[in-house]
Amino acid sequence: MSGPIIHTKKINRRQFVNRLALSGAGVGLLSYSAIRLTGWQPATNTIRVTSHNLDQKAHLIRKASAVNSPGGSPEVAIEEKVDVAIIGAGISGLTVGYHLKKSGYENFKIFEMNTSAGGNSDYFSSADGKGSWGAHYLPIIRNDDPILKKFLIDQGIIVGEKDNLPIYNEEYLCLDPHERLLVRGHWQDSLIPDYGLDSESARQISEFHKLTSEFKNKKGRDGKSVFSIPVDDSSQDPEFLKLDQMSFKEFLDQKKWNSEAIQWYANYACQDDFGTSFENTSAWAGLHYFSARNGKAANTEEQSVVTWPEGNGFLSEALQKSIKDKIQLNSSVQNIEKTAIGFKIRIQDLSIGSMKIVEARKVIYCLPRFTASYVINNATKPEAAQYYPWLIAHVAVKRNCLEKNHHLSWDTVKFLEKDLGYINNHHQYLTQDKDDVLITFYYAFTEGTAKENRTKLSTWTEATVKDFVVQHLKKYHPDIESNMASIDYRILGHGMISPSIDFLWSKRKQQLPREQNGILFAHSDMSGISIFEEAFHQGYKTFLKLKESL
Amino acid sequence: MNLFYFFSVFIVATCGLIYELVVGAIASYLLGDSVTQFSTVIGTYLFAMGVGSFLSKFVTKRLVHTFIKVEILIGLFGGFSATILFAMFDHVSSFRTLLYSVIMIIGILVGVEIPLVMKILKDRIEFNKLVSHVFSFDYIGALLASLAFPLILVPYLGLIRTSFLFGMLNVGVALMTLILFKGETRGSRSLVGFSIISLLVLTVGFVFSERITQFTEQMAYNDQVIYSHSTHYQRILITKNPHELKLFLNGNLQFSSRDEYRYHEPLVHTGLASLKDPKKVLILGGGDGLAVREVLKYPSVEKILLVDLDDKMTQIFKTNDLLTALNQKSLTNPKVEVLNGDAFEWAKSTFEKFDFVIVDFPDPTNFSLGKLYTQKFYASLASHLTENGLLVVQSTSPFVARKSFWCIAETIQAAGFKTYPYHVYVPSFGEWGFVIASLDKDYKQPESYPADLKFVNAKVSDDMFNFPPDMAYLKVDVNKLNNQALVKYFEDEWAHYTH
């Protein structure tokens with residue numbers, strides 16, 4: 001081979017090593033000075049991660065059910081007597097109490113396992129702000145719902161009326177800007193995918209909206225709204241009920257609405273409202289989400305919502321206000337036994353660990369329905385009821401890193417992502433923005449069975465959760481990790497009931513009776529859809545029934 | 001010597017893979033869908049390397065020379081790749097074109113490298129050994145890069161610094177080659193200079209990558225920045241030249257000492273001089289104390305309450321000599337009470353009434369400030385006004401932002417006030433607007449003004465209430481918390497004006 005002649009000057013090994021060492025030292029010095037100059041330190045921000053899980057408490061019920069088989073437990077003296085015992089201080093339980101008190105009835109108590117009331121409307125509070133542990137908004141209500149309307153008027157949420165339409169308190173209506181969606185690196189101002197959409201996808205979305213808005217005012221042959229809230233007020237016309245026998249995805253596929261955009265959007269909606277995928281949500285329930293909220297208001301557009309920094313914690317506090325003295329927190333109900341004159345309720349005080357027996361003439365069971373078989377002897381197990389787990393994380397973060405390319409909105413979501421995005425909990429503040437903010441990240445674990453997900457999540461540590469949250473939020477804001485101060489999270493093993501295929505209009509009716517062994521059941525589970533309005537109506541309906549016997 | 005070449009193969013391979021990962025990561029950050037981004041970036045990069053390898057056959061002379069040049073170029077392109085991509089994301093029409101151009105250039109250069117090293121070494125090492133060693137080092141470098149990138153580099157250095165650091169390493173290899181092969185690279189003083197300058201530029205980039213924002217900030221102002229401070233709410237910045245002093249909040253000019261009286265006199269006197277013996281005055285915003293200075297010209301005024309969000313702002317206007325010379329120490333006057341708090345919260349939670357209320361907030365440039373221009377806010381001010389009291393609101397430019405101006409007037413009216421809009425010419429700002437509002441009593445222009453005003457008098461005042469056709473009223477929406485109509489008008493109008 002003849003190559004170009006290379007003119008070389010030989011150096012020996014020692015010289016080479018010396019020169020190498022010298023240059024190495026030079027590079028080292030340079031890097032060192034660079035590091036010193038920038039004041040760079042590895043991992044300066046440590047993110048505080050705190051779990052607020054309820055698992056330990058929740059599992060007490062289950063353990064107790066094994067110990068407290070009828071007659072098997074040591075007898076504890078009856079400590080308290082109360083006429084009506086309400087089990088669970090979620091929205092349904094609080095609604096029963098609220099109306100009992102309003103009607104002048106005082107002889108009742110509400111027993112709650114948690115350290116605060118509210119159930120899925122419980123909220124987190126710290127120096128960084130407040131944030132919901134679950135439900136965080138209420139859509140403006142249907143105009144055919146005088147009972148809920150009355151409550152909203154009493155609470156100053158509806159402040160007047162104009163042209164027969166309610167005027168909502170402007171401070172509570174979701175302030176502008178409402179929402180933003182990150183679509184392929186571009187921010188758009190609505191959650192409905194629009195940016196860069198091909199004409200076919202756009203056509204499918206507009207057809208879908210046309211159908212759902214037609215359904216908003218459609219009535220069945222029995223004269224009732226096809227989709228109503230509460231669900232039990234919906235038309236029983238079989239033409240529409242049959243939609244409950246297929247999945248929402250199948251429904252969309254049948255309509256040939258198969259674009260990535262429409263399917264993501266429908267799936268996102270199901271996960272956000274029902275905690276389950278659109279493959280696992282019935283078409284009836286999926287359409288209910290889009291078509292049942294047909295409320296109109298004088299001072300805002302349809303589809304608006306009212307919301308607060310603490311989410312529906314505001315509504316739960318409103319229900320609690322007049323009955324604070326009736327609520328016993330830290331009270332885990334472990335067994336309910338029927339007696340000749342009523343019921344014996346075995347309750348553990350979780351703050352001190354002691355047991356007590358409460359005797360009640362009436363029991364209203366306002367916990368998720370799946371817990372009943374652990375607590376009530378002979379209670380049926382609602383096998384068809386599915387509950388997927390959730391992760392909710394409140395993240396304190398610098399506002400600046402969320403606003404680099406687009407103004408921060410109330411709700412932020414990313415197109416085609418599996419997570420549900422995040423809410424800005426400072427959004428409803430009337431005060432000027434500060435440089436830090438508290439956001440709440442939501443994730444519903446809907447792939448695979450609920451049980452598989454629960455098993456997986458039971459092994460998650462604070463470190464796992466941190467990585468998970470950071471990894472997801474980085475897709476929205478690449479530099480978020482270095483701007484985070486803390487993560488406060490809660491994993492809900494049973495997030496909410498899912499209106500799965502054939503559940504609402506068949507299995508629900510069979511497996512979730514409203515009354516069993518003389519105990520009345522009131523919980524949004526009884527509606528099959530976990531929203532404030534349903535829980536409220538379940539509570540109210542049960543109150544009416546109870547009133548007859550008082 | 002040969003060992004050095006293998007060492008440089010190792011460095012070169014590491015750097016090459018790092019740039020590929022940096023660009024891939026940026027692409028997936030900025031464009032989303034990491035699978036697509038990474039695979040297209042990797043594909044393009046490998047293809048570019050192929051192009052580079054092909055091109056390397058044309059290099060037959062001055063091999064070491066070319067190698068050094070290629071190293072420096074890779075160092076520069078690779079080193080600046082992250083900065084260029086991040087900085088240009090908002091400024092180029094086709095970000096993808098830029099992205100793939102960057103990856104093509106780096107890829108081609110890296111593709112030239114290895115064949116070049118092999119050609120340099122082919123006469124020194126047995127071919128069999130050469131191929132095996134070069135590729136071993138190449139692959140080891142790749143392994144190191146792919147492990148270090150996610151585990152060490154991104155978490156500790158971030159993307160921008162990582163690319164600068166590896167740019168420095170590339171240029172470092174060039175420099176070492178120059179040192180070790182003095183003989184072969186004789187007569188290449190320019191190359192030494194080039195590589196040293198490149199190394200310095202990259203080092204500066206590495207060191208100052210996080211301070212680039214401040215460089216651009218200084219560059220944005222014509223005058224010397226004499227004070228700048230970020231508070232929880234805003235960035236306060238003051239500039240000075242021999243003739244004037246200017247205050248900027250979040251980059252928006254608030255006043256120039258040269259003509260601020262043309263703003264503050266109409267803001268205060270047009271309303272206040274029309275009241276008979278005003279006693280209590282409320283100022284919301286206006287932490288510079290300039291409106292307070294004007295109010296203090298009324299002997300009947302007993303109390304002035306100034307509510308400003310930012311304690312840093314009122315503090316510096318209380319203590320700095322340059323600034324107190326301007327506001328005549330108004331903020332430390334015994335009649336003045338300074339309260340640092342949020343105006344909306346204050347208006348909702350207190351009940352004190354005032355004869356004259358001055359609302360002097362920054363323009364509604366964002367949704368947060370927009371809340372202070374809503375119907376809800378003005379309604380909450382109504383309860384702070386005495387029966388015959390007046391409210392005045394600074395209302396941006398009716399010339400530049402005609403809809404915004406009339407939106408503010410309309411919103412005040414919707415909150416239950418009678419409104420009296422007017423405007424003046426302020427050289428630093430252009431045409432500027434205000435709205436006087438009363439609850440019940442009609443507003444009448446003042447018959448007399450405090451002595452020694454520089455701008456406002458009865459004749460000037462007459463003109464102020466006359467709106468020529470290009471600023472005349474037009475129908476607009478009322479600004480509410482749940483529509484933020486004003487911020488949208490404002491953004492739209494000022495964007496058209498400045499671009």
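Two residues are in contact if their C-beta atoms, placed from the backbone, lie within 7 Å. Keep that cut-off in mind for the exercises below, which use a predicted model.

**Exercise 1. Describe the contacts and burial within chain B.**

Solution. Start with contacts in chain B between residues at least 6 apart in sequence: 75% of them join residues at least 24 apart. Next, turn to burial: 49% of the 499 residues of chain B count as buried. Finally, count the secondary structure, and you will find 18 helices and 11 strands in chain B.

**Exercise 2. Compare chain B with a compact globule of 499 residues.**

Solution. First take the reference: such a globule would have a radius of gyration near 23 Å. Then take chain B itself, which has 32 Å. Now look along the principal axes, where the C-alpha trace of chain B spans about 105 × 45 × 40 Å.

**Exercise 3. Work out which parts of domain 1 of chain A touch domain 3 of chain A.**

Solution. Begin with the division of chain A: domain 1 covers 48-53 + 386-498, domain 2 covers 55-125 + 310-385 + 503-548, and domain 3 covers 138-169 + 179-306. The centres of domains 1 and 3 of chain A, taken over C-alpha atoms, are 24 Å apart. Their contact takes 19 residues from domain 1 of chain A and 18 residues from domain 3 of chain A.

On the domain 1 side, the elements giving two or more residues are β16 (386-398), β17 (411-414) and β20 (484-498) of chain A. The largest share, 4 residues, comes from β17(A). Sorted by class, this side of domain 1 of chain A has 10 nonpolar, 7 polar and 2 charged residues.

Definitions and conventions
Residues numbered from 1 in each chain as written. Chains lettered and ligands numbered in written order. Predicted model: local features only at pLDDT ≥ 70, side-chain atom pairs only at ≥ 80, totals over all residues. Domains from an automatic or database assignment. Nonpolar A, V, L, I, M, F, W, Y, C, P; charged D, E, K, R; others polar. Rg over C-alpha atoms; globule rule 2.2 N^0.38 Å. Buried ≥ 20, exposed ≤ 12 C-beta atoms within 10 Å, placed from the backbone.
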